[in-house]
Amino acid sequence: MKNPQFHVKTFDELTLRELHSIYVMRALVFTVGQQITEQEPDDADLDCMHLFVKANDGCVIAYLRMFDLETVTDDSHEITPGAWTIGRVAVLPETRGTGLGKAIFAEGIRWISENTDAQRIEISAQQYLAGTLYAAAGFAQVGDVYLEAGIDHVHMVLEIER
Ligand SMILES: CC(C)(COP(=O)(O)OP(=O)(O)OC[C@H]1O[C@@H](n2cnc3c(N)ncnc32)[C@H](O)[C@@H]1OP(=O)(O)O)[C@@H](O)C(=O)NCCC(=O)NCCS
């Protein structure tokens, strides 16, 4: 997709249809697609910024959520002052391989850099993307591989230059 239009909203700003579409696509990608059986959705959704791209019919085709690790946690993250995180990075299967994942991830980094005072972004990354998508965005691996939700993960950090 060329020049995707990004939407960024708090939970309370989402329309009911946007929320439904986000939950449907996250369930499709993570529960059906990757057989992750950990709770989805979760309470962190209430305190996240939700970044997404919609198709012409209004369905969400690319998504990620961002939150301040100083005040919000989920199953993957501990309280970490000075850091924001990005999670639930997802593109619908039929839309993959066209640059949308890279574009929405770059937009998430840009949004956090310009709209928060975070010093760094810390992510719990699925290992298969560590050396590609996330390394290309400037993230560095910190520590060893660990198992999360039955999938190999690595902790990765991007220092924000101010
Ligand atoms: C990861 C995901 C969001 C990528 O979406 P996408 O739109 O296909 O990504 P792009 O086309 O922008 O590709 C961006 C880069 O991601 C990397 N990438 C994409 N799929 C990959 C794969 N299966 N294995 C390794 N790297 C991959 C590539 O480096 C690619 O860059 P390149 O084309 O220059 O080599 C999508 O495959 C997805 O939703 N996967 C399932 C959910 C998931 O794993 N989320 C991440 C949780 S940490």
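This is a predicted model: local features need pLDDT of at least 70, side-chain atom pairs count only at pLDDT 80 or more; totals for chains, interfaces and linings use all residues.
Start with the ligand. The space that the ligand takes is the largest pocket. Around the ligand stand 19 residues. Val89, Gly97, Gly99, Lys102 and Tyr128 are the closest of them. By class, the shell splits into 10 nonpolar residues, seven polar ones and two charged ones.

Next, the polar contacts to the backbone. A ligand nitrogen lies 2.7 Å from a polar backbone atom of Val89. Val89 is also among the closest residues of the shell. A ligand oxygen lies 2.9 Å from a polar backbone atom of Val91. At Gly101, a polar backbone atom is 2.9 Å from an oxygen of the ligand. Taken alone, the ligand exposes 910 Å², and the protein buries 71% of that area.

Which elements give two or more residues to the shell around the ligand? They are helix H1 (16-33), strand E4 (83-91), helix H2 (100-115) and helix H3 (127-136). H3 provides the largest share, with five residues.

Now turn to charge pairs. Side chains of opposite charge can pair when their charged atoms come close. Here the count of salt bridges is 12. One of these joins the side chains of Asp42 and Arg65, with a distance of 2.8 Å from N to O.

Most residues other than glycine have a negative phi, and most peptide bonds are trans. Gln35 lies in the loop between H1 and E2. Its phi is near 50°, a positive value in a residue that is not glycine. Pro41 is found in the loop between H1 and E2 as well. The peptide bond that runs from Glu40 to Pro41 is cis, and its omega is near 0°.

To recap, H1 contributes to the shell around the ligand.

How values were computed. Residues are numbered from 1 along each chain as its sequence is written. Side-chain values use heavy atoms; hydrogens and water are left out. A residue is near a molecule or strand if one of its heavy atoms lies within 4 Å of it. A polar contact is a pair of N or O atoms within 3.5 Å; within protein, one must be able to donate a hydrogen and the other to accept it, and residues adjacent in sequence count only if both atoms are side-chain atoms. Accessible areas come from the Shrake-Rupley method with a 1.4 Å probe; for residues, only the protein chains shown count as cover. On a 1 Å grid over the protein atoms alone, a cavity is a set of points where a 1.4 Å probe fits but cannot get out, and a pocket is an open set with protein on both sides within 12 Å along at least five of seven lines; lining residues have an atom within 4 Å of a point. A molecule sits in a cavity or pocket if more than half of its atoms lie within 2 Å of its grid points. Helices (H or I, at least four residues) and strands (E, at least two) are DSSP runs, numbered from the N terminus. Ala, Val, Leu, Ile, Met, Phe, Trp, Tyr, Cys and Pro count as nonpolar, Asp, Glu, Lys and Arg as charged, and the others, Gly among them, as polar. A salt bridge is a side-chain nitrogen of Lys or Arg within 4 Å of a carboxyl oxygen of Asp or Glu.
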